[in-house]
Amino acid sequence: MYRKVKDHIVCQLCWRFCKIKEGETGFCRTRINHNGKLYTLTYGNISAMESRPMEIKPFFHFKPGKTTLTFSTYSCNLDCPWCQNWHLSKVNPPVVYREVTPGELVDKAKIFGDIGLCASFNEPTLLFEFLLDAFKIARSEGMVNTIVSNGFMTPMALKMLREAGLDAMNIDIKGNDEVYERYCGGKAKFVWKTAKKAVELGIHVEMINLIVTDVNDSEDTIMEIIQNHLKFVGSKIPLHFTRYFPAYLFRNPPTPIGTLEKAIEMARKEGVEFVYIGNVPGHRNENTFCPNCGELLIRRYSYRVLENKIKDGRCPNCGYEIYGVW
């Protein structure tokens, strides 16, 4: 995932395309130019690992009620000042560590009764080479592979992950280009390109937008996200609007629930079939309803599935096909 150009290397893992000189690392601090070759500093360098439900990621239309072994490394290729996992994403990968092998990860998933793997907590792209190996092993064992990503990876990287066994990805869209340029770095258009490519590759996709107070909560910004959602991934891909709480460097007040409800109303009016509210346990819009007849299909409370009526991927009341992997 790199090419040589005179006195430096161009990393091709994400849309930053960092130019890395000898002995230096790129923006994410996880890949280093050593003797004219690009090396990863994160292979098996695992920062966290635990069994977690699909709903917490959130995946609402992919194997509901199941769990995956969820793991991460360090650092990030964006720089959001409200990051909830800043203790992982803002830290350089340690130079000395006990390597976790891909096989060991799969074995732990079996022990915990998980149906597969999920790279999350920090940006999974930074575990790229490790994921290629781990996903292949998990697939050979009949397991699923998922990631929770900021979507800033290149199409080449995404294609290689798919070929290795990536089944599903949750993509976090921060807002419009102005939000990215002011707060996170990068551009929204690259994330939408990734989302579109993922759908084309047959990867299960769900989009999520953390609505941050006084950052991306205007109706114009929300409508731009909705319209891009319909344009790049389509009406059937689930869209999650999630409540923000103060974290890391950000102290703006939590998202008013009314703002989230307005976003839901706008998305449904524009034609998005499955829209959800996150981080508001017990809210009606945690549930899945049939977009055709209105039947309650999946009843949830927070990260728990209380009832699932979907039969063979369809609404039991009207037979409408429900997007997802059930």
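Are Phe71 and Phe130 buried or exposed? In this predicted model, Phe71 is buried, and Phe130 is likewise buried. The ring centres of Phe71 and Phe130 are 6.3 Å apart and the ring planes stand at 75°, so the pair is classed as edge-to-face. Because Phe71 belongs to strand β7 (residues 67-72) whereas Phe130 belongs to helix α3 (residues 128-140), the contact ties together parts that are 59 residues apart in sequence.

Aromatic pairs number 13 in the model. Among them is the pair formed by Trp15 and Phe17, whose ring centres are 6.1 Å apart and whose planes meet at 90°, so that this pair too is edge-to-face. With a relative accessibility of 18%, Trp15 falls under the 20% limit and therefore counts as buried, while Phe17, with a relative accessible area of 34%, is partly exposed. Trp15 and Phe17 are also members of a cluster, linked through ring pairs, that includes Phe152 and Phe190.

Charged side chains are also placed over aromatic rings: Arg16 lies over the face of Phe27, at 3.6 Å from the ring centre, and Arg300 lies over the face of Phe60, at 3.9 Å from the ring centre. Strand β15 (residues 296-301) and β16 run antiparallel and are joined by four bridges. These strands belong to an open sheet of three strands, arranged in the order β14-β15-β16 with antiparallel pairing, in which β14 (288-289) and β16 (304-308) are the edge strands, each pairing on one side only.

Definitions and conventions
Residues are numbered from 1 along each chain as its sequence is written. This is a predicted model: local features need pLDDT of at least 70, side-chain atom pairs count only at pLDDT 80 or more; totals for chains, interfaces and linings use all residues. Side-chain values use heavy atoms; hydrogens and water are left out. Two strands pair if DSSP finds at least two bridges between them. Helices (H or I, at least four residues) and strands (E, at least two) are DSSP runs, numbered from the N terminus. Rings of Phe, Tyr and Trp (its six-membered ring) pair if their centres lie within 6.5 Å; planes under 30 degrees apart count as stacked, over 60 as edge-to-face and the rest as tilted. Buried means under 20% relative accessible area, exposed over 50%, partly exposed in between (1.4 Å probe, protein chains only). A charge sits over a ring if NZ of Lys or CZ of Arg is within 6 Å of the ring centre and within 35 degrees of the ring normal.
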